[in-house]
Structure formats: C-alpha cells, structure tokens
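Open the model in your viewer and keep the selection tool at hand. This tour goes stop by stop, saying what to select and what is there.

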Amino acid sequence: MNIILFGPPGAGKGTQAKILIKTHDIVQISTGDMLRDEVNSGSNLGKTAKSIMDSGGLVSDEIIMSIIEERISKPDCQNGFILDGFPRTLNQAIALDDVLANKNIEIDHIIQIDVDEKLLFERIKQRAEEGDFVRNDDNKDVLIKRITVYQKDTMPVLEYYRSLKRLKTVDGMQSIENVSSDIKKMF
Ligand code: AMP
C-alpha cells in the first residue's frame with residue numbers, strides 16, 4: 001500500500017506515519033529526515049539544505065526530486081511506502097506523477113490531516129513560553145514561517161489532489177488514537 005500524508009508542522013503527521021508503517025509493514029519516506037541525515041553527514045547537499053531548512057523555507061524541487069526518485073527505487077519500498085512531507089509544491093506533485101508513471105507505481109491513499117491553523121499558532125506561542133523547543137527549525141519564528149509556507153506552497157498541492165477527487169481528509173483536531181482510527185476507516 002502506498003500513501004501520501006499531508007499536514008502542517010505540528011499536526012501529528014509524523015506520529016500517524018509511524019503508526020501506519022507498523023500496521024501495514026511499509027516504509028516511511030520523510031524528505032525532512034533524509035535532508036537532516038544529509039546535513040548531519042556534512043555532504044554538499046546537506047550544506048546547501050541546512051540554511052534553507054533552518055530558516056523554514058523549502059529546499060529546491062530539483063534536490064527533492066533527485067532524493068525521492070532514488071529512494072522510491074530501493075527494494076524496501078516494494079511492499080509499500082508512506083510519503084511524509086512530500087510533495088510540498090505543485091511542481092513536486094507533477095514531477096511525482098511522472099516518476100510514478102515511469103515506475104508503474106500507484107498511490108492508494110492521499111490523506112490530509114486537517115487542523116485549525118489558528119490553534120497551531122496558539123500551541124507554538126505556548127510552547128515558546130514554556131521553552132519547549134528542540135530542533136534548529138523548531139522555534140517560534142521559524143515554525144510560524146513553516147506554517148505560512150505550508151499555506152502558500154502546499155495548499156495548492158492539496159487542491160490539485162482534491163480536483164482529481166483523490167484527497168481524503170481526516171479531522172486532526174482529535175486525539176492521536178481517534179485520528180489513527182479515522183485513517184484506518186478510509187482503507
Ligand atoms: P519536515 O521534517 O518534513 O518538516 O522538513 C524539514 C525541512 O526540510 C522543511 O522545513 C524544508 O526546509 C525541508 N523539506 C522537507 N521536505 C521538503 C520538500 N518536500 N520540499 C522542500 N523542502 C523540504
């Protein structure tokens with residue numbers, strides 16, 4: 001089973017992805033994790049990506065497509081995969097259509113974890129007050145930028161899949177268990 005999972009930063013997308021890979025024995029393909037690995041390894045790609053990631057912007061579609069195409073071709077993807085954090089732009093979504101067509105791969109479920117962005121902003125402010133930030137790109141200003149970028153660049157991707165009648169939406173304002181059970185009902 002192949003899945004694309006959407007959700008703004010803080011929507012619980014990573015948590016749901018972890019649940020899905022366990023229950024369906026598929027792999028998680030997180031472009032964010034792959035880029036963080038590149039940054040940690042000190043590769044040229046990592047060096048290019050680091051400052052963009054730290055600022056909350058988007059790494060170029062070219063870089064993202066090259067790492068995705070290579071990753072999807074690996075043998076561990078044969079039983080299925082979940083795309084987490086990709087595609088994030090309309091160009092990436094259209095390039096993904098090509099990659100999948102060439103490899104004869106179909107996406108079974110495209111799922112949006114829908115949250116009230118006003119509430120996300122509230123949560124961020126609260127976490128900032130509690131001093132609860134860990135990642136470089138995980139502070140108040142950068143998170144606000146990341147959500148704004150999501151609205152500007154990724155919402156059109158959701159509209160694209162919605163127009164193709166492919167998009168399924170789950171209410172992300174519920175508990176982790178209820179979001180997970182609603183996703184299960186979609187399959
Ligand atoms: P994430 O862990 O998915 O939130 O990704 C962390 C950061 O990596 C993002 O804020 C972007 O800078 C970069 N990134 C991850 N995935 C993509 C993508 N599909 N397109 C562009 N940039 C990405």
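Two residues are in contact here when they have heavy atoms within 4.5 Å of each other. Keep in mind that this is a predicted model.

**Stop 1: Tyr161.** Select Tyr161. Set aside its neighbours within four places in sequence. Tyr161 is then in contact with Ile4, Phe6, Pro87, Ala93, Leu96, Ile110, Arg166 and Leu167.

**Stop 2: the cores.** With Tyr161, they have the most contacts inside the largest nonpolar core, which has 31 residues. Colour by element of secondary structure next. At least two residues of this core come from each of β1, β2, α2, α3 (44-55), α4 (61-72), β3 (81-84), α5 (90-103) and α7. Helix α4 has the largest share, six residues. Another core lies apart from this one. That other core has 17 residues, including Ile3, Ile82, Val115 and Val179.

**Stop 3: the largest pocket.** The largest pocket has a volume of about 1,100 Å³. Select Pro9, Gly10, Lys13, Arg135 and Arg146. Of the 50 lining residues, these are the closest to the pocket's centre.

Which elements each supply at least two residues of the lining? They are β1 (3-6), α1 (13-24), β2 (27-30), α2 (31-41), α6 (117-130), α7 (140-163) and α8 (176-186). Helix α7 gives the most, with six residues. Colour the lining by class: 21 residues are nonpolar, 17 polar and 12 charged.

**Stop 4: Lys13.** Is Lys13 buried or exposed? Its relative accessible area is 15%. Buried means under 20%, so Lys13 counts as buried. Show side chains. The side chain of Lys13 makes a polar contact with the side chain of Asp84, at 2.7 Å. Beyond its neighbours within four places in sequence, Lys13 is in contact with Leu5, Phe6, Gly7, Asp84, Gly85 and Ile113.

**Stop 5: Lys145.** Move to helix α7 and select Lys145. Lys145 is partly exposed, with a relative accessible area of 36%. Then select Gly57. Lys145 and Gly57 are 88 residues apart in sequence, yet 7.5 Å apart in space from C-alpha to C-alpha. Which residues does Lys145 touch, not counting those up to four places away in sequence? Lys145 touches Ser55, Gly56 and Gly57.

Methods: Residues numbered from 1 in each chain as written. Predicted model: local features only at pLDDT ≥ 70, side-chain atom pairs only at ≥ 80, totals over all residues. Heavy atoms only, no water. 1 Å grid on protein atoms, 1.4 Å probe; cavity = no way out; pocket = protein on both sides within 12 Å on 5 of 7 lines; lining within 4 Å. Points joined across faces, edges and corners; volume = space filled by probe spheres on them. Helix = DSSP H or I, 4+ residues; strand = E, 2+ residues; numbered from the N terminus. Nonpolar A, V, L, I, M, F, W, Y, C, P; charged D, E, K, R; others polar. Buried < 20%, exposed > 50% of the residue type's maximum accessible area, 1.4 Å probe, protein only. Polar contact = N/O pair within 3.5 Å; in protein donor to acceptor, adjacent residues only side chain to side chain. Core = buried A, V, L, I, M, F, W, Y, C linked by side-chain atoms within 4.5 Å.
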